[in-house]
Amino acid sequence: MSLSLYDASITVYLQMLKNLSHFLDKAETYAAEEHVELSTFTEASFGHGMAPFTRQIQFASDAAKSGAARLAGVEPPSMPDTETTFPELKERIAKTIAFVESIKRDQIDGHEDRQVVLTFPNGSMEFTGQSFLLTFSLPNFLFHVTTAYAILRSQGVPLGKMDFLAGAQAPA
């Protein structure tokens with residue numbers, strides 16, 4: 001059995017974006033039950049130069065849409081980082097999901113050797129499609145999803161391991 005680049009990328013981006021939206025749902029429920037302002041969560045961070053919760057959602061969105069676009073050889077949609085509320089963050093996740101869902105299998109599979117170049121102010125990094133996904137894109141994406149999850153947990157939101165792994169599909 002072989003695992004295609006599409007299956008290793010698009011499937012993972014979509015599952016974890018849906019789980020990320022689930023984290024926000026659980027945080028909203030917790031906030032309502034415990035009388036906590038949602039801004040407590042949007043502004044929360046671990047400090048020490050770590051971006052706050054809102055930016056973690058934006059970074060996860062950017063990683064998924066840019067990763068999918070680079071693997072498919074298309075331009076990602078522009079999404080200005082203006083979200084400040086839970087409804088805006090959920091809308092951004094939904095837009096990201098819609099874009100990632102628009103990527104077709106034949107745009108990625110068979111293009112494992114597609115050149116992907118990331119340019120930074122101090123240089124660039126070159127990858128094949130496969131190495132980009134496995135050594136940069138997925139680790140980066142999962143870092144931000146995990147950090148968003150951990151920030152909410154640190155604020156008391158009752159998220160568990162199955163919320164992270166299965167989101168709303170987790171057994172009750």
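**View 1. What lines the largest pocket of this predicted model**. By class, the lining has six nonpolar, five polar and two charged residues; here Ala, Val, Leu, Ile, Met, Phe, Trp, Tyr, Cys and Pro count as nonpolar, Asp, Glu, Lys and Arg as charged, and the others, Gly among them, as polar. A pocket is an open set of points on a 1 Å grid over the protein atoms alone where a 1.4 Å probe fits, with protein on both sides within 12 Å along at least five of seven lines, and lining residues have an atom within 4 Å of a point. The volume of the largest pocket is about 200 Å³, counted as the space filled by probe spheres set on the points. Among its 13 lining residues, A63, S66, R70, F136 and N140 are the closest to the centre.

**View 2. Where the lining comes from**. Helix 3 (53-72), strand 1 and helix 6 (129-154) each give at least two lining residues, and helix 3 gives the largest share, six. Helices (H or I, at least four residues) and strands (E, at least two) are DSSP runs, numbered from the N terminus.

**View 3. A hairpin of two strands**. Strand 1 (residues 115-120) and strand 2 (residues 123-128) run antiparallel, joined by six bridges; two strands pair if DSSP finds at least two bridges between them. Two residues link them in the hairpin, and T119 stands opposite S124.

**View 4. Helix 1 and the residue after it**. Just after helix 1, H35 has a positive phi of about 55°.

Residues are numbered from 1 along each chain as its sequence is written. Local features need pLDDT of at least 70, side-chain atom pairs count only at pLDDT 80 or more, totals for chains, interfaces and linings use all residues, and side-chain values use heavy atoms, leaving out hydrogens and water.
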